[in-house]
Amino acid sequence: MTMILIGFMGSGKSTIAKRLHNNDFSYIDMDHWIESNAQQSIPDIFNAHGETHFRELEYHALKETHDSYDCIATGGGIVTYTPSFDFLKSTKKPIVWLDAPIDKLLHRISGDTNRPLAQNRQDIIARYESRHEQYKSLADIRIDTRKPVDDCVKEILEFLK
């Protein structure tokens, strides 16, 4: 059983991947993979090289980790970079879209200085709305992460059976 987790920032990708690890899934959080390999924080990558460079690193991370882990927690913006989107569209792994209403997501990410694209409320809302159809078009299942984490994990495990 393998899967790729997609969804907007604050949707619970990292949290759910860690919880799936407790159910014997190997997992990788792509943001952590990128930071480790670049030896820079994500905000530092954005500041020094820009978003396009980060999306290229993200695409490289997706290709590198795709066959090595049961669960890949992607970054929220992975769907905005055409090579990554096309790669996800062609994967045989189930794609699990983690989603919640924008107000819930805003509450979860407010004040998080490690999210360079989450500093302005109106920009965040516009970004969420612009990505919604991309997530939807890739997803094999949508999980509403307003529910407790354990309920979300249970729903994912049921889907994978």
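Me: Is Gln39 buried or exposed?

Reply: This is a predicted model. In it, Gln39 is exposed, because its relative accessible area is 71%.

Me: Where does Gln39 sit, and what is its phi?

Reply: Gln39 lies in the loop that joins helix H2 (30–38) to helix H3 (42–49). Its phi is near 55°, a positive value in a residue other than glycine.

Me: What can be said about the phi of Asp24?

Reply: Asp24 is not a glycine, yet it has a positive phi of about 70°. The loop between helix H1 (13–21) and strand S2 (27–29) holds Asp24. With a relative accessibility of 72%, Asp24 counts as exposed.

Me: Now for helix packing. How are two packed helices described?

Reply: Two values are used: the angle between the axes and the distance between them. Take helix H4 (residues 51–65) and helix H5 (residues 82–90), whose axes come within 9 Å and cross at roughly 25°. Angles under 35 degrees count as roughly parallel, so H4 is roughly parallel to H5.

Me: What is the handedness of the crossing of H4 and H5, and which residues make the contact?

Reply: The crossing of H4 and H5 is left-handed. From H4, the contact is made by Arg55, Tyr59, Leu62 and Lys63, and from H5 by Pro83, Ser84, Phe87 and Leu88. Sorted by class, the contact of H4 with H5 has 5 nonpolar, 1 polar and 2 charged residues.

Me: Which residues make the contact between H3 and H4?

Reply: On the H3 side they are Ile42, Ile45, Phe46 and His49. On the H4 side they are Glu51, His53, Phe54, Arg55 and Leu57. By class, the contact of H3 with H4 has 5 nonpolar, 2 polar and 2 charged residues. Arg55 of H4 is among the residues in contact with H3, and Arg55 is also among those of H4 in contact with H5.

Me: Next, cysteines. What is a disulfide, and how many does the structure hold?

Reply: A disulfide is a covalent bond between the sulfur atoms of two cysteines. The structure holds 0 disulfides.

Me: Why is Cys71 too far from Cys152 for a bond?

Reply: The cut-off for a disulfide is a pair of cysteine sulfur atoms within 2.5 Å. The closest cysteine sulfur to that of Cys71 belongs to Cys152 and is 13 Å away, so the two are too far apart for a bond. Cys152 is in no disulfide either.

Me: Are Cys71 and Cys152 buried or exposed?

Reply: Cys71 is buried, with a relative accessible area of 0%. Cys152 is buried too, at 1%. The cut-off for buried is under 20% relative accessible area.

Me: One last residue. Where is Arg121, and what does it contact?

Reply: Arg121 is in helix H7 (residues 121–138). Apart from its neighbours within four places in sequence, Arg121 is in contact with Asp103 and Leu106. Arg121 counts as partly exposed because its relative accessible area is 48%, and the exposed class needs over 50%.

Me: What separates Arg121 from Met30?

Reply: Arg121 and Met30 are 91 residues apart along the chain, and their C-alpha atoms are separated by 25 Å.

Key
Residues are numbered from 1 along each chain as its sequence is written. This is a predicted model: local features need pLDDT of at least 70, side-chain atom pairs count only at pLDDT 80 or more; totals for chains, interfaces and linings use all residues. Side-chain values use heavy atoms; hydrogens and water are left out. Helices (H or I, at least four residues) and strands (E, at least two) are DSSP runs, numbered from the N terminus. Buried means under 20% relative accessible area, exposed over 50%, partly exposed in between (1.4 Å probe, protein chains only). Contact means heavy atoms within 4.5 Å. Axes are lines fitted to C-alpha atoms, for helices over the stretch in contact, and angles run from 0 to 180 degrees between N-to-C directions. Angles under 35 degrees count as roughly parallel, over 145 as roughly antiparallel, 65 to 115 as roughly perpendicular and the rest as oblique. A crossing is left-handed if the near helix is turned anticlockwise from the far one by less than a right angle, and right-handed if clockwise. Ala, Val, Leu, Ile, Met, Phe, Trp, Tyr, Cys and Pro count as nonpolar, Asp, Glu, Lys and Arg as charged, and the others, Gly among them, as polar.
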